[in-house]
Amino acid sequence: MAPNKATRNGRQMSEGKAYVFGPYRLVPSERRLTADGAIVELGSRAFDALTLLVSERGELVSKQQLMDHVWSDVTVDESNLRFQMSKLRRTLAGDAKEDVYIKNVPGRGYVFIAPVTEHNDSTASVVSSARPHGSYLPDRPQHVFGRDTALQVLQENLLASRFISVVGAGGIGKTTIANELVHRLADKFDGDICYIDLGSIKADDLVLPSIAGAVGYRVQSADLVEGLATFLADRRLLLIFDCCEHVIDTISRLADTIFRRALLCHIITTSREPLRAYGEEVHILEPLALPPDNLGLTAAEALCAPTVQLFMERARASGYNLGLEDKDATIVAAICHQLDGNPLAIELAGSRLLTYGFAELLDRLDGKAILNWPGRRHDVRHRSLEATLDWSFELLTEYERQVLLHLSVFVGPFSMRTAEAILIGDRWMLGRTIEELVDKSLLASRRENGVSFYRLLDVTRVYSEAKLAESGASSQLMRRHAQFFITDLRDNPGTPSGVSNPVGNLRAALEWCFSAAGDISLGVELAAACSEFFLNRSLLKECLRWCQTALQHLRDEESFTESGLRLQQSLAISMMYTLGNVDQVGVAISRGLDIAAKIGAREAELHLLAGQNLFLTRRADFLGALRAAQRFAALAHASQVSAQVIASDWMLGSTYNLIGRQKMGQQLLEQATARAEALGIRTAHYFGFDNKQRSLLGRAWTSWLCGQPDKANSLVNDVLEESVAQNHPVSLCISHLYGAHVVLWLRELDWAERLIEKLADVASKHHLGPYQTGARALWGELLLAKGQTEEATLTLEASLGPLRAEKLNIMLAPATRAYAECLAKLNRCQEADAIILPLIEQAETTSPSYLLPELLRTRADILRASGEHGEAMDFYLRSLARAKYDGAVGWELRTALSLSRAWTDAGQEGRARTLLESTVELFTEGFESGDVLQARKLLGRG
C-alpha cells in the first residue's frame, strides 16, 4: 500500500506518521512495527494487512478487500488469508484474547477495534526547542490495572481545574497513572506536552534550569520562576512534574506561580505529599482493589481483582507459565492483602513466584527478604522496596524518622491515644509528626466510630522494624508496648482498646516477652491478662499456646496467684475445645480447683466446677458429672445468688437427663427456666459456654424422651436461633451437635443434614477438632436413618477411633450403637453383638445412661436378626421396662414399634396392636413426628 493512498473513509496513511495502539508503534513509511521500542518481526503480507486495518480502524474490512490489497499481484486461496490473519492476531495479542486488537466477523471480514493515536514520528515524544535531560514524554504504560475510574476522574478534574497533584505512597503507581493520563490527554493539547522526571535531579538548584530547558525557555532571568510563568503565559501546554517530594518547595512555588500567571497551562504533579500550592487539587491515589478474603475464593473470582491481575501478569513476565488455579486463589488473595494492594510490592512478589510457588512466597512476606527483591534496574527509586522506602526516609526530619521507627511496634491500626501512651516525647510534637507522616504517605489514616486510626503499611512496618532493631531502642519500646496492653486489658477485660488489630499486637508483645531479649515475668502477666480476650474471640489455639508457655515459666508457689489461676482455667478451656476430653484437661481442671480453693477464688471455683461437669459429661462419666454439679449447687445455694442457683438447677437437670432420670431432669430444667424468665436472667456463662443454651438443649432432650416431640422441635429451633444470634463458634457447634441428636430422633432427616453440614463447616473453619469428629459420627447416623447402610457403616467405623482418641464418649456410645445396628443389617450379627454387649454392661453397672433402653432394644434387634427369637423377646421387654422406669417415653415407643413387628411376625397381631395402642396413648402431642406417625400408620390411624 502506498504511504499516501487515501482510504474509503477519508483517512490517509501519511508520510512520516506513526500510529500508536497499546504498546505498539506502527510507521508504515518505514515498514516498521515496534512494541515498547523493540522491533516486532512481521512478514510482508501480515504487515500490509495490518496497515490496511489500522487505516480503516473501526470499519469492517471484507476478506476480499484484504486479499485484493495484500495479494494484488497474485490469485490465492482464502485459506492463505486465514493463516496470515490468525498469525497476525496472535502476534499482537500475546497471551491475551486474539480479539484485543483485531476482531473477526465470521463470514464477512475483520475490524481493527483498538484505540489508535497518530503522531509525527520525529516529534512524537516531545515538543520543545531543545531536549535536555528529563524533558521527554515517557512511553505509554503497557498495562494499567484497576485505575479506570481514577483516570476518568483525573482527566475530568484536570481539564476543569487545571492543576492536579497525584499523591500517594512509594510504589503506589503515581508515575504510571500520570503517564497514562498524559497519553489520554495528548490530543487535547495538540501534542504540546512536557514531562519532567524530577526523580533524576538530585540538586535543588538544577530543578528550574532543567524545567526551563524542557519547555524551550532560553532567557536566563534573575527570577526563573517569574520568567517561566511569563514565557508560558499564552501557551496551552500540559506540564507534568513527576516525583516532586524531594524538591517540593521549589515545585510548589513554581506550580503556584504558573497556575496564577499562565492561565492556559495545565499541571500534573506526582508526589508523596501535597504541594500545598494555590490552585492545587489533591487526588490521593489509593492502593489497588483487593480480592475477597474468604476460604471459598475461586481463581476466576480472584482474577477479577486488579491486584491479582497485576501479580499474575508480573509472574508471567518473569517466566511463570502456569495460570492461577482454584487451590491457589486464597493464597494469592492473602499475598495481595499482606502487601496492602501496593502495585510495586505486588510486582516484586509476582516476580518471585517462579522461584517459590504460592505458599512459600506467602510465608516469605513476613521477613525482611521482600525489601531487597530486585525491581526496575534503571530506576534508583524503584530498584527495590528498600530503595523506595529509603527515598522517603531520607526526606524526613530526624524526629520524624524516630517516630516512624517507633510506630513499628504496632501491628495494624492504632489510635493517637495509644501512640501517646507508648511512645516517649512531647504530646503535641508527636501528634503533629504523625499528621506529617500521614501527609507524606508513610502512614495511612481512617476514621472508625468517631476515632482516628493510623497504620503503617505492612512493608513500611517491616522496613521500620528492621531500622528500629539496628538503633537499639527496640526492647524499651516493646516493654512499654506489653505494659500498655496489660493495663489496658485490666481496664477493659477481654477487649483491648486503642488498636484495630488486638490479636496481632498481643501476639507480637507475647513473642517479645518470651524471647531471649524479653521479660518472662511481664509475659506471664500479659498471657494471663489476654487469655480472656483469646477465649472471647474463639482463638483457642492461640490461648492454649500462650497459657502453656506462661505456665512453663511459673514456679509452683507462683501458681497460687490470680494470674496463675486465670492461666490454669484458660488452659483447661482452650485444651478441652481443641484437643477433646483428653486426660490433661481433667488434670488442668483439678489443678485449677485446688488453686481456687486455696486462694479463696469462689467465682473461679464455680467456673471450674462447671467445666468439670461438662468435661465428665463429654467423657460419659455421668455420675462424676453429677458430683461436680452437686458441688456447684452447694456453693451456689450457700451464696444465695439467684443467677448461680438457677445455673446449678440447669446443670443438675441436664445431668439427671443423662443418667436416665428424665422426670427429675425435666422438672429441674423447667422450674429453673421459669425462674430465670421471671428474674430476667438471659445468660449464665461458665467455662466458655452458656448454661442457658445448655439448658435449652437439655430441655429439648428431655422433652423428646418424655414424649413431647413438638416441644422438643420448638426448643431445638430456639437454641439454634440463640446460637446464631451470638455468632460464637463454640456455641454454634454445641447447639448444632446436640440439637442434631434430637432432630435425628424426630426423623427430620433433611433438617438434620443441614445442621450437620453447618456443624462441620464451623468446626473446620475454627479448627475445633472434637466437633469435626462429632459431625462425622452424626453423618454416619444420618446415613443409617436414610437407609444407606453400607455408607453409614464405613462412615461410623471411621469416626469411632477419633471419638475414642478425643474421649468424646457422649458421642461414642450412640455412634457405636448405630454401628452395631449397621452390622446387623449387613448380616454381621456376631460382630454387632460383640460391640453392643459392653455398652449395655457399662450402662447397667458402672455408668448409668439415658441410652440404656435404646441399647437394649438394639441388642434385641440383633438377636432377632440372628434367629435368637426367645432371647430377643427378653431384651425387648427389658428395654420397655427400663424406658418406663426412666420415664423415657420416646425410647418406650421405639421399642414398642420393634417389639410389635416381632409379635406380628410371630402371629401375635392382637398383642402387638395392644402394645402400640397403649404406648401411643402416652403422647398428647407430636402426632406427626417420626415414630408416633409410624405407629399410628401401623394402627391404621395415619
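The questions and answers below concern a predicted model.

Q: How many disulfides does the structure hold?
A: A disulfide requires two cysteine sulfur atoms within 2.5 Å. The sulfur of cysteine 336 has its closest cysteine sulfur 13 Å away, in cysteine 304, which is too far for a bond. For cysteine 530 the closest cysteine sulfur belongs to cysteine 543, at 7.7 Å, also too far for a bond. The number of disulfides in the structure is zero.

Q: Is cysteine 336 buried or exposed?
A: The cut-off for buried is under 20% relative accessible area. Cysteine 336 has 0% relative accessibility, so cysteine 336 counts as buried.

Q: What is the relative accessible area of cysteine 530?
A: The sulfur of cysteine 530 is 7.7 Å from that of cysteine 543, its closest cysteine sulfur. Cysteine 530 is classed as buried, and its relative accessible area is 0%.

Q: With which residue does arginine 455 form a salt bridge?
A: Side chains of opposite charge can pair when their charged atoms come close. A salt bridge needs a Lys or Arg side-chain nitrogen within 4 Å of a carboxyl oxygen of Asp or Glu. For arginine 455 the closest N and O atoms are 3.6 Å apart, and the partner is aspartate 458. With a relative accessible area of 27%, the partly exposed residue is aspartate 458.

Q: Which helix holds glutamate 670, the partner of arginine 699?
A: Arginine 699 and glutamate 670 meet through their side chains in a salt bridge, 3.2 Å from N to O. The pair links distant parts of the chain, 29 residues apart: arginine 699 is in helix α30 (residues 691-705), and glutamate 670 is in helix α29 (residues 662-679).

Q: Is arginine 699 buried or exposed?
A: Buried residues have under 20% relative accessible area. The relative accessibility of arginine 699 is 12%, so arginine 699 counts as buried.

Q: Where do arginine 913 and glutamate 917 lie?
A: These two residues form a salt bridge, with the closest N and O atoms 3.2 Å apart. Arginine 913 is partly exposed at 37% relative accessibility, and glutamate 917 is partly exposed at 24%. They are four residues apart, about one turn of the helix, and both lie in helix α41 (residues 909-920).

Q: How many salt bridges does the count come to?
A: Salt bridges that share partners join residues into one network, among them Arg747, Glu821, Arg857 and Asp931. By the rule of a nitrogen within 4 Å of a carboxyl oxygen, the count of salt bridges comes to 54.

Conventions. Residues are numbered from 1 along each chain as its sequence is written. This is a predicted model: local features need pLDDT of at least 70, side-chain atom pairs count only at pLDDT 80 or more; totals for chains, interfaces and linings use all residues. Side-chain values use heavy atoms; hydrogens and water are left out. Buried means under 20% relative accessible area, exposed over 50%, partly exposed in between (1.4 Å probe, protein chains only). Helices (H or I, at least four residues) and strands (E, at least two) are DSSP runs, numbered from the N terminus.
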